[in-house]
Amino acid sequence: MATLEIHDLHVSVDAEGGPREILRGVDLTVKQGETHAIMGPNGSGKSTLAYSLAGHPKYTVTGGTVTLDGEDVLAMSVDERARAGVFLAMQYPVEVPGVSVSNFLRTSATAIRGEAPKLRTWVKEVKEAMERLHIDPSFAERNVNEGFSGGEKKRHEILQLELLKPAIAILDETDSGLDVDALRVVSEGVNRVRESGQVGTLLITHYTRILRYIKPDHVHVFAAGRIAESGGPELADKLEEEGYEEYVKGGASE
Amino acid sequence: MAETIPAGSTTDGVIQVGQPTDARVSAPASYDVADFPVPHGREEDWRFTPLERLRGLHDGTAVADGGVKVEVSAPEGVTVETVGRDDARLGRAGKPVDRVAAQAYSSFEKASVVSVPKETVLTEPVRIAVHGEGGTAFGHQVIELGAFAEAVVVIDHTGDATLAANVEYLIGDGAKLTVVSVQDWDDTAVHAGQHTASVGRDATFKSVVVTFGGDLVRLHPRVVYGAPGGEAELYGLYFTDNGQHQEHRLFIDHDTPHCRSNVAYKGALQGAEAHAVWIGDVLIRAAAEGTDTYELNRNLVLTDGARVDSVPNLEIETGEIVGAGHASATGRFEDEQLFYLMARGIPADEARRLVVRGFFAELVQQIGLPELEERLIDKIEAELEASVG
């Protein structure tokens with residue numbers, strides 16, 4: 001059973017006037033089959049946590065450890081992390097001109113699975129996954145994220161989640177910018193992957209809305225670069241009513 | 001087409017109306033090298049070129065020593081001749097436009113003339129192998145198609161050489177010529193020259209210029225029209241590596257009504273001191289009513305330190321045209337793109353390969369020569385392999 005363990009993680013970014021610390025000692029354990037919601041106000045460091053786990057070069061880990069089944073994730077390159085089973089659904093997926101979605105998905109699946117998927121079953125697999133997410137088949141021939149609407153980009157991220165079947169899925173504000181219909185489609189995709197019981201999910205969000213569709217086992221409030229409070233789903237209800245005010249007072253990093 | 005622009009800067013060219021095109025060259029076209037001053041490097045038509053790497057082709061100090069071999073193999077029905085300087089069939093497509101081209105024209109001893117008789121449709125390409133054996137040479141070639149003839153000509157440049165050579169394409173009425181010129185030189189070679197096509201009535205000229213090798217390559221692909229109805233498609237593909245200077249200076253002279261031209265050049269650059277130059281001049285003269293022209297240049301910069309100069313110029317002297325446009329954009333393979341692909345398990349070198357293949361794929365398909373397509377893709381892979389390292 002895959003377990004992601006984050007211990008006392010400190011992360012900085014380069015800013016004018018020297019490095020600025022954003023994560024200030026994050027402790028979190030995510031096990032396969034569990035869903036953790038990380039909620040917090042803007043600037044609390046939620047996205048930094050997501051990108052640091054994926055290995056974005058902009059972020060410098062200055063302390064702490066991250067392991068996946070005991071393996072040192074921080075020592076791995078970005079692609080090694082992905083192949084080890086860490087998946088980041090990005091808030092702002094990047095356009096990659098000249099690379100078609102179908103070519104991209106196949107190259108990625110080949111890398112993650114360690115061998116090229118058999119063409120016949122692969123085509124079917126992709127087609128069905130796209131249908132489930134209401135993605136038009138013509139997207140396969142379009143360039144990755146190029147000219148996609150916000151909702152299309154998010155569905156494309158979840159399509160990859162479904163095809164790549166990671167051990168740990170980090171969803172960085174996947175709900176932001178989605179209307180209710182798109183949110184439902186995207187959430188259904190996430191739930192299909194969760195129902196397999198094979199994935200540990202880290203759901204990063206600003207709003208409680210998505211939690212109506214994706215039920216978390218644990219809810220953590222993120223503030224000022226660390227987890228300020230942890231609880232069950234009822235904590236989300238409290239946030240829904242009271243907002244983040246209690247956590248922001250005097251403690252915001254920005 | 002616009003959706004394939006890589007993210008990054010866009011350089012729009014200037015549109016000049018009514019200014020004579022030769023305002024940008026240092027001397028009027030001429031067959032005689034003596035009519036051109038030795039360039040000093042600040043002239044508009046020389047300012048991008050590192051003169052010191054031309055090995056004297058530009059200042060008269062280069063001396064021919066015969067170290068370049070030219071072999072022509074042609075299918076039946078084609079006449080291949082080696083002729084002297086005074087042959088009347090030489091020099092008809094147009095005069096040399098710079099000192100190096102004029103030097104080549106003033107210095108070659110023998111020229112080859114390849115003739116495809118009228119109404120002859122070749123099913124096999126004419127192949128011209130230019131192989132450098134470390135020497136310096138001046139060359140001249142004429143490829144002539146009679147009326148309604150059809151031919152594909154492949155010119156391969158390989159090995160090491162210091163070469164100044166001009167090629168003339170004379171395309172008869174209703175004829176169709178496709179020329180592929182591949183500059184697959186060793187990284188030590190220097191190659192400069194002018195490729196001028198004279199397109200007859202209702203004739204079609206398709207040019208594919210592929211530059212991978214060389215220390216310095218500087219080519220002038222040019223098109224003139226002899227009569228209405230001519231059509232020219234000019235495609236180019238370059239992969240400029242560490243230390244290479246690859247320069248393509250195109251000129252399309254629309255001086256005849258109802259002709260068309262379409263230009264698409266794409267280049268990838270990788271490594272420090274890689275320098276690509278693309279100049280796309282299109283002149284629509286007052287007489288050229290009904291002209292339809294478009295030119296495009298795209299560059300993909302893969303690593304820091306590479307430099308692109310892309311200058312499209314469109315000069316329009318009549319409003320009675322079908323269309324005229326140009327586009328130039330230089331994009332960078334960005335860290336965020338690399339991160340995105342790597343975050344999906346794709347290793348860095350493979351991510352780069354994916355992007356470069358995608359960048360060239362559309363152009364390679366557009367060229368429409370299946371045999372060449374495969375060769376180009378293989379070559380692009382090899383270039384990436386060698387330079388990603």
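Q: What percentage of the 254 residues in chain A is buried?
A: This is a predicted model, so the count rests on computed positions. A residue is taken as buried here if 20 or more other C-beta atoms lie within 10 Å of its own. In chain A, with its 254 residues, the buried share comes to 45%.

Q: What radius of gyration does chain A have, and why does it agree with a compact globule?
A: Let's start with the box: the C-alpha atoms of chain A fill roughly 55 × 40 × 40 Å along the principal axes. For 254 residues, a compact globule would have a radius of gyration near 18 Å. Chain A agrees with that because its own value is 18 Å.

Q: What share of the contacts in chain A with a separation of 6 or more comes from residues 24 or more positions apart?
A: Chain A has eight helices and twelve strands. Among its contacts with a separation of 6 or more, the part made by residues 24 or more positions apart is 75%.

Q: How far apart are the end C-alpha atoms of residues 4-249 of chain A?
A: UniProt, in an unreviewed entry, lists this span as "domain: ABC transporter". In the model, residues 4-249 of chain A are 35% helix and 31% strand. The end C-alpha atoms of the span are separated by 30 Å.

Q: Which strands stand at the edges of the open sheet of four strands in chain A?
A: The order in this sheet of chain A is β2-β1-β4-β5, with antiparallel pairing. Inside it, β1 (residues 3-15) and β4 (residues 59-68) of chain A are joined by eight bridges, and A:Ser12 stands opposite A:Thr60. An edge strand has a single partner, so one side is left without a neighbour in the sheet; in chain A that describes β2 (18-31) and β5 (71-72).

Q: How many residues of strand β11 of chain B are buried?
A: Strand β9 (residues 190-199) of chain B runs parallel to β11(B), joined by ten bridges, with B:Thr196 opposite B:Arg222. Strand β13 (residues 245-254) of chain B also pairs with β11(B) in the parallel sense, over seven bridges, and B:Leu216 has B:His245 as its bridge partner. Strand β11 (residues 216-225) is mostly covered, and of its ten residues the buried ones number nine.

Q: Is B:Ala306 buried or exposed?
A: B:Ala306 is found in the loop between β16 (292-301) and β17 (307-316) of chain B. Its contacts beyond four places in sequence include B:Thr240, B:Leu269 and B:Gly271; the C-alpha atom of B:Gly271, 35 residues apart along the chain, is 6.0 Å from that of B:Ala306. Because B:Ala306 has 25 C-beta neighbours inside 10 Å, it counts as buried.

Q: Where in chain B does pLDDT stay under 50?
A: The model scores ipTM 0.95 and pTM 0.82. Chain B averages a pLDDT of 91, and 93% of the residues score at least 70. The stretch with pLDDT under 50 has 43 contacts beyond four places in sequence, and covers residues 1-20.

Technical notes
Residues are numbered from 1 along each chain as its sequence is written. Chains are lettered from A and ligands numbered from 1 in the order in which they are written. This is a predicted model: local features need pLDDT of at least 70, side-chain atom pairs count only at pLDDT 80 or more; totals for chains, interfaces and linings use all residues. UniProt positions are given in the numbering used here, feature names are shortened, and annotations may be inferred rather than shown by experiment. Helices (H or I, at least four residues) and strands (E, at least two) are DSSP runs, numbered from the N terminus. pLDDT is the predictor's confidence in each residue, from 0 to 100. Two residues are in contact if their C-beta atoms, placed from the backbone, lie within 7 Å. The radius of gyration is taken over C-alpha atoms; the globule rule is 2.2 Å times the number of residues to the power 0.38. A residue is buried if 20 or more other C-beta atoms lie within 10 Å of its own, exposed if 12 or fewer, and partly exposed in between; C-beta atoms are placed from the backbone. Two strands pair if DSSP finds at least two bridges between them.
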